[in-house]
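Here are my notes on this model. Please read them with the coordinates open.

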Amino acid sequence: MSSPEYWTQPRAGEPDAPHPGVPAATAARPTAEQVIAGLRETDAGGADLVQLLTPEGERVHHPDFDIDISPEELRGLYRDMVLVRRADREANALQRQGQLGIWVPLLGQEAAQIGAGRAMRPTDMAFPSYREHGVAWCRGIDPAQILSIFRGTDHGGWNPLEKRFHLYTIVIGNQCLNATGYAMGQKFDGVVGDSEGEATMVFFGDGATSQGDVHEAMVWSAVYDAPVVFFCQNNQWAISEPLERQTRVPLYQRASGYGFKGIRVDGNDVLASLAVSRWALEECRSGNGPVLIEAFTYRMDAHTTSDDPTRYRLADELEMWKLKDPIERVKVYLVHQQWADAEFFEAVQAEADELAAQLRETCVNMPDPAPAQMFEHVYSEQTAQLDKQRADYLSYLDGFATTAGGER
Amino acid sequence: MAAPTMDRDTETTVPKTQKVTIGKALNLGLRAAMEADPKVLVMGEDVGKLGGVFRVTDGLQKDFGEQRVIDTPLAESGIIGTAIGLALRGYRPVCEIQFDGFIFPGFDQIVSQLAKLHYRSRGQLKIPVVVRVPFGGGIGAVEHHSESPESYFAHTAGLKVVACSNPVDAYWMIQQAIRCDDPVLFFEPKQRYHEKAELDTTVTPGPLFASRVLRKGSSVTVAAYGPTVKTCLDAAAAAAEEGLELEVIDLRALSPLDLGPVFESVRRTGRLVLVSEAPPEASITSEITTRVQEECFYSLEAPILRVTGFDTPYPASKLEDDFLPDLDRVLHAVERSLGW
């Protein structure tokens, strides 16, 4: 909403109309309907929603955030989105077949994540929440390592400092402070200040914005000018709690209260997500951060495979968002521009199916970890106490092996 | 109070000694650590210009600058959470939590992230963060300023927990904690900040995660940590006048516990009294009780007894003399142990 007048303008005749002399901004209250309408407004978006590719696949131009995109680059973004969606759907199926304990679906958020992920440079650092399979893909994380978390064989096997992608963080909002501290370190190290600089990008959802840690991270990052891009994927739902349970202002507008820039981007538009993320990272790199991006998107599937969205949201809503699909609009645009032909789309689909098949095979063949692994790496140096517990437990297990006369 | 004897380096030249308080010793220790390693940062509320509410960080910002001694916004989760990020970037942050009862807003970051990142990354991430916590009562403060939350952290795998009780330990232990690659919860006995002892900065300190026998004795073993160590030493001095020889052990390391000297002592004396200000239920003292009976069952001549705070919230300060273990309650427990 380009002109959020209802935040600031008193409305005569309402029971809580402001008393003369009372600043309107604190006294005027929008009705619940106005709040919801404001939060959910996306069509054309007014000037506030950055969009470069419409749901119909038409390229539109933005005065501040336009980008030049080569056919090859756009085909690459399309491929990324198709592959991560395919991996996501395969993981969802694996969970339904009992191969994963739980899965956190990405469906619908491909454009936000691929746009942001591809905007980062190798030296930038990313701090994910737990749905960032698309960002992980962009950082070169093997999707099988993501599955190992949900299969229960590991907590994430990659080296976060080598991949420049932190471990998945399950506790809502914790990673925002960790990212801010990391970004403070980048500043202390003197790697911020020009376009060669480093930046940090942290991912969280609309529900996380209610957490104290996210607030504290924004305070901290503002106070210390930390080069951190807060990338909020507003997918409209925090499990069953809708956006209006988290806020009464559009989330990107909160940035102004902290004294830094906030912007809302069409999170189903990979071009806009890429352009806005590049801009925000550049702001941070050059020392003008932090920045808050609200990627306005929609979770098309459940929060996790353990919940049932039909209990809390309307089918109409889902149908409306299907029309905004992030992959279809790129496909339409590629076809209209004659930047891709049927052969390309078939090849990408074949690659996606191959990825899914590999992922399935790796997943079902993942060995269970040996019991001794449980005791490793609790501390840098193993304690005598853990040594003893490990020895005692392994010896206990050995007793079973002996009596059973078989392998454990 | 007599400082514990340190193993002296035989090659030592002229000892550089001075009489200092625990607060000053911590200050000197922090200074030494910051001089030794430019990656060491001090961060917390009021640690800069004010030098901390207990002045433990006095003068550090003046000498090391605002980037290494960071006055933070007032939010404990923010202090711990950003310290974790700084550690990921290669720094070694030393966080100050102003008072024990204020650590709980930071509890989530401590137990959910700080404690677990090394494990979750299978050893690929090191998070060398020290969290300094002035703890315990006896200063006549309002509520939330006199608590003993150490058991929460000892209960959490991945954290190391220590408590100093005297200036010599304070000086060395803070430096050792900062050098440790694991996160360390560092508890400081706030009612003892002004206790003085002779500090020789040229000796070689013993290991950090080790308990230490401060006074030899054969009648009853008495083990304590932090503020109650002095109480026990005073009790031992009083008992000696009546011909009783108490063996006093300063536990120092609360996680991992170093109970070797306690087992050895109990095997000789057959008796153990544990002294702590913390409420007894599900605490450090209950853990020690279990492990001593597992290891020394046939040596025990009496049940293990505890002198502690009570299972109440910390009371209003006019009642804290009743809440806190004192010399008489320790001697009473010793008497009960001997009378079994």
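What should the 12 residues of helix 14 of chain A span at 1.5 Å a residue, and how far apart are its end C-alpha atoms?

1. Basis. This is a predicted model: local features need pLDDT of at least 70, side-chain atom pairs count only at pLDDT 80 or more, and totals for chains, interfaces and linings use all residues. Residues are numbered from 1 along each chain as its sequence is written, chains are lettered from A and ligands numbered from 1 in the order written, and side-chain values use heavy atoms, without hydrogens and water.

2. Helix 14 of chain A, length. Residues 326-337 should span 16 Å, and the end C-alpha atoms lie 17 Å apart, which agrees. The expected span is 1.5 Å times one less than the number of residues. Helices (H or I, at least four residues) and strands (E, at least two) are DSSP runs, numbered from the N terminus.

3. Helix 14 of chain A, buried side. Pro326(A), Ile327(A), Arg329(A), Val330(A), Tyr333(A) and Leu334(A) are buried (under 20% relative accessible area; exposed is over 50%, partly exposed in between; 1.4 Å probe, protein chains only). An α-helix has 3.6 residues a turn, so residues three or four places apart point the same way.

4. Helix 14 of chain A, ends. At the start, a side-chain oxygen of Asp325(A) comes to within 2.9 Å of the backbone nitrogen of Ile327(A). After the helix comes Gln338(A), with a positive phi near 60°.

5. Salt bridges in chain A. A salt bridge is a side-chain nitrogen of Lys or Arg within 4 Å of a carboxyl oxygen of Asp or Glu. Glu110(A) pairs with Arg85(A) at 2.8 Å between the closest N and O atoms. Glu110(A) lies in helix 5 and Arg85(A) in helix 4, so the pair ties together parts 25 residues apart in sequence. Both are buried. Arg285(A) and Asp124(A) also form a salt bridge, with closest N and O atoms 2.8 Å apart. Arg285(A) is in helix 12 and Asp124(A) in the loop between helix 5 and strand 2, so parts 161 residues apart are tied together.

6. Chain B and the total. Arg92(B) bridges to Asp181(B) at 3.0 Å between the closest N and O atoms. Arg92(B) is buried at 16% relative accessible area; Asp181(B) is partly exposed at 30%. Over all chains the count is 42 salt bridges.

Note on methods: Polar contact = N/O pair within 3.5 Å; in protein donor to acceptor, adjacent residues only side chain to side chain.
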